[in-house]
Amino acid sequence: MAFLNNPVALTITVSLIIQIIVLILLITGYMLKKKLEFRQHGIIMTTAVILHLSMVFYVMIPSLVLAVIPDFIFVAPLQIVSVIAIIHVILGASTATLGIFLVGSWHFQKSIKGCIRRKKYMLKTLSIWIATLIFGITLYSLFIGPLLTT
Ligand code: HEM
């Protein structure tokens with residue numbers, strides 16, 4: 001398979017696997033909230049935010065700046081890849097901002113009173129996050145799909 005010899009394709013595949021781990025963390029965090037284990041919920045969500053941000057800075061921003069913007073968005077802004085990339089970037093920026101706000105304002109304090117006040121943002125954050133992942137996986141398949149057949 002051509003994509004195994006392609007370092008860029010391998011890097012974004014590793015990033016995709018990490019995003020799937022992030023999704024598993026989000027589901028686990030949500031289940032912990034259901035069991036009323038709020039501190040554990042906060043710790044799992046913090047881990048998901050850190051893991052997600054590390055991929056955003058290490059893989060996604062470089063790939064956006066070096067390839068997606070110059071090769072797709074500038075060249076053919078109405079092409080499906082460009083439209084999905086733009087939606088993914090807008091949703092992803094909102095997820096990162098909300099995630100940093102929620103975990104940063106808690107920062108592992110013993111009290112979870114502040115978190116309860118910020119509960120109204122949490123379901124929205126989780127929903128936007130899942131939408132970000134769906135658009136990201138779609139983008140991945142548009143980039144990698146053609147390489148799998150060569
Ligand atoms: C990106 C980070 C986070 C996400 C995506 C998230 C997600 C969620 C979701 C979806 C709910 C259910 C909300 C609802 O039923 O309307 C929830 C509830 C809750 N979360 Fe988070 N959460 C995050 C961070 C945190 C942090 C850092 C804490 C602090 C310990 C925390 C504490 C709580 C508490 C206490 C509740 C339940 C409040 C209640 O039912 O009265 N969460 N969270």
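Modeller: Glutamine 19 is buried, because its relative accessible area is 8%, and a residue counts as buried when that value is under 20%. The model examined here is a predicted one. Glutamine 19 belongs to helix α1, which covers residues 7-34. When neighbours within four places in sequence are left aside, glutamine 19 is in contact with His52, Met55, Met60 and Leu133.

Another residue of helix α1 is threonine 13. Threonine 13 has a relative accessibility of 15% and therefore counts as buried. Its side chain reaches the backbone oxygen of alanine 9, at a distance of 2.7 Å.

We may now turn to helix α2, which comprises residues 38-73. Alanine 48 is found in this helix. With a relative accessibility of 0%, alanine 48 counts as buried. Apart from neighbours within four places in sequence, the residues in contact with alanine 48 are Val22, Leu25, Leu26 and Trp129. Between the C-alpha atoms of alanine 48 and aspartate 71 there is a separation of 30 Å, and these two residues are 23 residues apart along the chain.

His41, through NE2, and Met122, through SD, coordinate the iron atom of the ligand at 2.1 to 2.2 Å. Why is the arrangement around the iron atom described as octahedral? The iron atom has six donor atoms around it, and the angles they subtend run from 83 to 179°, so the arrangement is octahedral. In general, the ideal angles for six octahedral donors are 90 or 180 degrees. Histidine 41 lies in helix α2 and methionine 122 in helix α5, so that this pair, 81 residues apart, links distant parts of the chain. The two residues may also be described by their accessibility. Histidine 41 counts as buried, at 14% relative accessibility, whereas methionine 122 is partly exposed, with a relative accessible area of 25%.

Helix α5 takes part in an aromatic pair as well. The structure holds three aromatic pairs. In one of them, the ring centres of phenylalanine 101 and tyrosine 121 are 5.6 Å apart and the ring planes stand at 80°, so the pair is edge-to-face. Phenylalanine 101 lies in helix α3 (residues 80-106) and tyrosine 121 in helix α5 (residues 119-148), so the pair ties together parts that are 20 residues apart in sequence. Phenylalanine 101 is partly exposed, at 37% relative accessibility, and tyrosine 121 is likewise partly exposed, at 33%.

Just after α3, histidine 107 takes a positive phi of about 35°.

Of the 150 residues in the protein chain, 35% are buried. Among contacts between residues at least 6 apart in sequence, 69% join residues at least 24 apart.

Note on methods: Residues numbered from 1 in each chain as written. Predicted model: local features only at pLDDT ≥ 70, side-chain atom pairs only at ≥ 80, totals over all residues. Heavy atoms only, no water. Phe/Tyr/Trp six-rings, centres within 6.5 Å; stacked < 30°, edge-to-face > 60°. Helix = DSSP H or I, 4+ residues; strand = E, 2+ residues; numbered from the N terminus. Buried < 20%, exposed > 50% of the residue type's maximum accessible area, 1.4 Å probe, protein only. Donors = N, O, S within 2.8 Å, 3.2 Å for Na, K, Ca; no water. Tetrahedral: all angles 85-135°; square planar, octahedral: opposite > 155°, others 65-115°. Polar contact = N/O pair within 3.5 Å; in protein donor to acceptor, adjacent residues only side chain to side chain. Contact = heavy atoms within 4.5 Å.
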